Amino acid sequence: MISDRVKASLKREFYQSRAAQVGLALVVVIILTAVFAPMVAPHDPNTQRVGTGDAEDRSDLPPLSPIPGYEFTGVSEQTEVDPETGEFETVTVERPADRSYPLGTNGRGQDILSRLIYGARVSMLVGLLGAGLAALVGVPYGLVAGYIGGRLDDGLMRAADVMLAFPSLVLAIALIGVFQDTGFHTTELPDPFVAAAQSDTVPNILIPRADHVATMPEATTFPVTVTMVVALVNWVWFARIARGEALSIRAEEYVTAARSLGASNLTILRKHVLPNAITPIIVLATIQVAFIILLEASLSFLGFSGTDLTWGADIQQGRNGLSSGRWWISTMPGLAIIAAVVGVNLLGDWLRDALDPGIQGESGGV
Amino acid sequence: MQYGRFLLRRVVHSLFVIWGAATVVFLLRFLTPGDPVTVLAPPDAGDEVRDALRQRLGLDEPVHVQYFEYITDLMVADFGKSMEVLDRSVLDWIFWTRFLRSVELAVSATLIAIAIAIPLGVISARRRHTVSDYGATLFSLGGISTPNFWLGLMLILLIAVPVGFIPTGTPGPLLHEAVGDLFAGDPGTLGDWLRFMFLPALTLGTYFTALITRLTRSGMLEEIGKAYVKASRAKGLPETLTMYRHVLRNTLIPIVTILGLQLGTLIGGAIITETVFEWNGLGQLLIERINARDWTMIQGIVIIIAIGFVSINTVVDLLYAYLDPRVIDE
């Protein structure tokens, strides 16, 4: 489906553009961390260390400072019993940074770095699956509308226009409202690495840090409802692009030739229209992944996600700390979101510059 | 095709889209699992109370009758009554204050964006491959990649907390109140308005600033390569005149259409910015009503947003076709 000319163009653009290299590096690193999260993450992201029982209180630890000599200190309020009067009183305790929690901990004593690493799983999965699902619905819809044309095209595209009457976040929130009383539908995806490290099916020597991996969470909560909602909100864009392409492709001579040879409409759509329409669809899909990552973050920030192990939910959780000096809890997940979205956007710019000969070599535009 | 016919077609189309949107919203309520009466009635309510409630909400009618009543009510701008607080109409005065607040926020954000982005885009395109160009490009990449709720929190952290004024909680004055007070000789209210508006508008405007900068830059670069620029340079026209009179003007026309389509992002962004700053607008109301499962209010808010969005897009399209009649034939 991808011709040699396109491959050469991708390669040339990649070598010339520093931005494309940075984008690819960012995306690859984030996807690898997401996949190998149990090996990379230093702690279990869900373990709370608030000082109950024998466990030590590790809440509200600040991150390590990048500049030696300027250490961050965290402040946390604790209720203690005065030994003389026997009354409860609030004491503020200063907390120094701790090497084993490089990005600090939140109010529940959960390790922020580990939460970022596991949050990447949800963001990337929702981004990729959401965009894929949207394309799966939108592309056939648009191709059929554009290829058949006439009344059918009018009807289908009018219906699609109705979807565009809603701003995407508004529609997403309204759809969430529909699903919320069923309980947010989430599913537990078992972690193959943890399962392998806990059993003896694979020799543990083959798994890096097997002892550590065996203690990590056995499953990741995946928000099914949110993925469906973001796909429902965004399929129209795929339909519009696919329709436009099909509309111009159906007038090509090779389509007429195929038809006169007796090829069925389905065959023509599959063998001729889709392959020739695929480049703009791929470029759109990349932009959509970035957009969906942001949308998912917004929805989980608003508490509509169904799982709290996401970047957006962590930002919400750290919100109260902003005015009391605990700035890192909200700041870190935001930086992670920016890294992911910048990476995907740069990748999209590269694909567009390389695949679209009309604007070749110019890295501007949207 | 003549402009009159184009206008008629465009308006009919947008009316159709609004009708479709209203239908979608109506259907959403029927997809929602669970009986609203169960949610609203007190847990110990008997069958009589439930039936009375059902009748009052109009839920005892068959679906097509409900739909017909719903659409005919919409035509006379009757959005029904809140399901939770039964005697409060969806369109009462609180609603309009909130609507105004959201509009003020969105308009301020757009104005900030235009004021920053267009000069930035022009500079970036004219001094291509210089430090200022790279700076502007980097800024616009960051701007379209930053979640705006996070940006809002960071502005609170870095500006509002040190200054000691966080524009949340008590809502600031509305613009018409501020202007009224100004004419009455009290500029203080306008100062308050600015103080409350500054950070939220900056938060909401950043995405748009980044987007317009990007569009202006690439549009300018495309235009600069065209023959008429060479011609106007050759006849000795001052460079500034060429740039602003001709190149920028030609660049801006397509940008306006894209901005119309991107308006949805602005409205969505407004919802989440309102949550961050506890801005008492339509977006916060929507979130609140979703959590209260107040479907008539949700329907009303979503439809009003859709109507606003579609109307602005229609006006933008009509303006565009007026400025550049070539699109009418496409």
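Mentor: Let's start with a term: two residues are in contact if their C-beta atoms, placed from the backbone, lie within 7 Å. This is a predicted model, where local features need pLDDT of at least 70 and side-chain atom pairs count only at pLDDT 80 or more, while totals for chains, interfaces and linings use all residues. Residues are numbered from 1 along each chain as its sequence is written, and chains are lettered from A and ligands numbered from 1 in the order in which they are written.

Trainee: Thanks! Among contacts in chain A between residues at least 6 apart in sequence, what percentage join residues at least 24 apart?

Mentor: That comes to 74%.

Trainee: And how many helices and strands does chain A have?

Mentor: Chain A has 13 helices and four strands. Helices (H or I, at least four residues) and strands (E, at least two) are DSSP runs, numbered from the N terminus.

Trainee: New topic: how many residues of chain B are in contact with chain A?

Mentor: 44 residues of chain B, and they meet 36 residues of chain A.

Trainee: Which helix of chain B gives the most to that side?

Mentor: Helix 1 of chain B, with eight residues.

Trainee: Which residues of helix 13 of chain A meet helix 6 of chain B?

Mentor: A:Ile338, A:Val341, A:Val342 and A:Asn345 do, and their partners are B:Leu141, B:Gly142, B:Ile144 and B:Ser145.

Trainee: How do the residues of that contact divide?

Mentor: Into five nonpolar, three polar and no charged. Here Ala, Val, Leu, Ile, Met, Phe, Trp, Tyr, Cys and Pro count as nonpolar, Asp, Glu, Lys and Arg as charged, and the others, Gly among them, as polar.
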